[in-house]
Each structure stands twice: as structure tokens, then as C-alpha cells.
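I opened this structure for a first look. My notes follow in the order I looked things up.

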Amino acid sequence: QVQLVESGGGLVQAGGSLRLSCEASGTAFSFYVMGWYRQAPGKQRELVADMSEAGRTNYADSVKGRFTISRGNAKNTVYLQMNSLKPEDTAVYYCNADFVVGRPRPYWGQGTQVTVSS
């Protein structure tokens, strides 16, 4: 059974930084795409960033220039470096992945809370 486990969330002051990590287990295959979504209270879940195995990245406009997604040397790991954090970045951040493109990605982590205080 494929499992994604996030870590690295927490409480930080505005302007600070956090690094989220996601590690997958339960598969011998490499995910083609891995990424991060977030969901703030009362809002829909939204894509933050994702990255293909080939290195192609995609970012939400709200995080461009502040967040950086990267894939680890270890298979099926992904990171999100978040700099210049703002209170509006407060949300539960979820790791997400799939082996193919063109369908809703079925693999999700349990989420990690990021809280940015003003």
C-alpha cells in the first residue's frame, strides 16, 4: 500500500521560513509527479507546486519567487522550501503524487499544519 508521510510543518513568524518533506513508501516504482497542495480553513484545497520526474515545475502564482519545490536523491521524496512566509500561507499542506499524468492524483499524505503568525 502506497503511503505518503509529510513532516516539517509548524509555527513561524511572518517573513520566516519552513521546509516541508514528504517521503513515500510501499512502492518499488518512481512517481512521475510529486507535489504539494494546501487547504486553509473555509477554503478549497489548492495546488501549491508540483514537479515531474524530468524536473518540470509548476507553481501557484501566490507562491512564485518564495517557495521552491525539489525532488530528493532518494526515490519518491519531495521537498517544499518556503521562504518569506505570510499569514495567508497558513494552511494544512498535503503531499500528493502519481505514477502517471492525466488523471486526478490518487496518492495523498495525511497533511502537516503550517501556521504563520503576523
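**Strands and overall form**

I counted 0 helices and 11 strands in the chain. Both kinds of element are DSSP runs, numbered from the N terminus: helices are H or I with at least four residues, strands are E with at least two. Read along the sequence, the pattern is β-β-β-β-β-β-β-β-β-β-β.

I noted the ground rules next. This is a predicted model, in which local features need pLDDT of at least 70 and side-chain atom pairs count only at pLDDT 80 or more, while totals for chains, interfaces and linings use all residues. Residues are numbered from 1 along each chain as its sequence is written, and side-chain values use heavy atoms, with hydrogens and water left out.

Then I looked up the dimensions. The C-alpha trace spans about 45 × 25 × 25 Å along its principal axes. The radius of gyration of the chain is 13 Å, which agrees with the value near 13 Å for a compact globule of 118 residues. That radius is taken over C-alpha atoms, and the globule rule is 2.2 Å times the number of residues to the power 0.38.

**Surface and contacts**

I checked burial for the whole chain. Of the 118 residues, 41% count as buried. Buried means under 20% relative accessible area, exposed means over 50%, and partly exposed is in between (1.4 Å probe, protein chains only). The chain exposes about 6300 Å², and carbon and sulfur atoms supply 47% of it. These areas come from the Shrake-Rupley method with a 1.4 Å probe.

I also looked at contacts, meaning heavy atoms within 4.5 Å. Among those with a separation of 6 or more, 55% join residues 24 or more positions apart.

**The core**

Which residues have the most contacts inside the largest nonpolar core? I found Trp36, Val48, Phe67, Ile69, Leu80, Met82 and Tyr93, in a core of 28 residues. At least two residues of this core come from each of β3 (18-25), β4 (33-39), β5 (46-52), β7, β8, β9 and β11 (112-117). Such a core is a set of buried Ala, Val, Leu, Ile, Met, Phe, Trp, Tyr and Cys residues joined through side-chain atoms within 4.5 Å. In soluble globular proteins, nonpolar side chains tend to be buried together.

Asn76 lies in the loop between β7 (67-71) and β8 (77-82). Its phi is near 65°, a positive value in a residue other than glycine. Most residues other than glycine have a negative phi. Is Asn76 buried or exposed? Asn76 counts as buried because its relative accessibility is 4%.

Ser84 lies in the loop between β8 and β9 (91-98). Ser84 also has a positive phi, about 50°. At 41% relative accessibility, Ser84 is partly exposed.

Ser25 sits in strand β3. Leaving aside neighbours within four places in sequence, Ser25 is in contact with Gln1, Val2 and Gln3. Ser25 and Gln3 are 22 residues apart in sequence, yet 5.3 Å apart C-alpha to C-alpha.

Last, I looked at Gly65, in the loop between β6 (57-59) and β7. Gly65 is exposed, with a relative accessible area of 82%.
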